[in-house]
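Dear colleague,

Please find the structure below for your use. My findings follow directly after it.

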Amino acid sequence: MIIDYFWPELEYMDLDSMWFQQDGVTSYTAHVTIDLLKNKFDERVISRNGPVDWPPHSCDLTPLDFFLWGYVKSLVYANKPTTLEELKANIECKIAAVSAEMCGRVMENWVQRIDRCKRGRVGHMIEVEFHS
């Protein structure tokens, strides 16, 4: 999937200034996967088994986990799809409808979360903001 779907999407992007971050799912962090990512992003891979370690159990620090998946899931299931085709169509439609503005707000919130984590020296975050 990385080679067939992800690489073509990166073709026109400036990878020298881009970092790649992923969560700790075992299949994502297999050495063969990390090696593929390092070939594109060099040492700018934030992942378990990658050049830059990502804190374990850090769902509050991963925008896909703290926001996107839950938001998209609520939209995808709003009309209660009954077939696999309906489900796939809903997923594609709802992901495509996530606006650049919303992504920007999520990233601003992510920066705030990282700052809180740094101030707390990676300790427990007493209050966590869940907004977009």
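Lys73 is exposed, because its relative accessible area is 54% and exposed means over 50%, buried under 20% and partly exposed in between (1.4 Å probe, protein chains only). Lys73 belongs to helix H3; helices (H or I, at least four residues) and strands (E, at least two) are DSSP runs, numbered from the N terminus. From C-alpha to C-alpha, Lys73 is 9.7 Å from Ile95, and the two are 22 residues apart in sequence.

The model is predicted: local features need pLDDT of at least 70, side-chain atom pairs count only at pLDDT 80 or more, and totals for chains, interfaces and linings use all residues. Residues are numbered from 1 along each chain as its sequence is written, and side-chain values use heavy atoms, with hydrogens and water left out.

Confidence

The pLDDT is the predictor's confidence in each residue, from 0 to 100. For the chain its mean is 81, and 83% of the residues reach 70 or more. Over residues 128–132 the pLDDT stays under 50, and for these residues the model has 14 contacts beyond four places in sequence, a contact being heavy atoms within 4.5 Å.

Overall arrangement

The chain contains five helices and two strands, in the order α-β-α-β-α-α-α from the N terminus on. Of its 132 residues, 27% are buried. Among contacts in the chain with a separation of 6 or more, 50% are between residues 24 or more positions apart.

The largest pocket

The largest pocket has a volume of about 1300 Å³. It is lined by 27 residues, and those closest to its centre are Phe20, Gln21, Leu64, Leu68 and Trp69. On a 1 Å grid over the protein atoms alone, a pocket is an open set of points with protein on both sides within 12 Å along at least five of seven lines, whereas a cavity is a set of points where a 1.4 Å probe fits but cannot get out; lining residues have an atom within 4 Å of a point. Grid points are joined across faces, edges and corners, and the volume is the space filled by probe spheres set on the points.

At least two lining residues come from each of helix H1 (2–10), strand S1 (20–21), helix H2 (31–41), helix H3 (63–76), helix H4 (84–96) and helix H5 (100–119). By residue class, the lining of the largest pocket has 21 nonpolar, five polar and one charged. Here Ala, Val, Leu, Ile, Met, Phe, Trp, Tyr, Cys and Pro count as nonpolar, Asp, Glu, Lys and Arg as charged, and the others, Gly among them, as polar.

Met102 is part of helix H5 and is buried, with a relative accessible area of 12%. Not counting residues up to four places away in sequence, Met102 touches Phe67 and Tyr71.

Thr33 is located in helix H2 and counts as buried at 12% relative accessibility. Apart from neighbours within four places in sequence, Thr33 has contacts with Ile2, Ser27 and Tyr28.

Backbone and cysteines

Most residues other than glycine have a negative phi. Asn49, which is not a glycine, has a positive phi of about 70 degrees. Asn49 sits in the loop between strand S2 (45–46) and H3 and is partly exposed, at 36% relative accessible area. Lys80, also not a glycine, has a positive phi of about 50 degrees. Lys80 occupies the loop between H3 and H4, and is exposed with a relative accessible area of 64%.

The structure holds zero disulfides, a disulfide being a pair of cysteine sulfur atoms within 2.5 Å. Cys93 is partly exposed, with a relative accessible area of 46%, and Cys103 is partly exposed at 38% relative accessibility.

With kind regards
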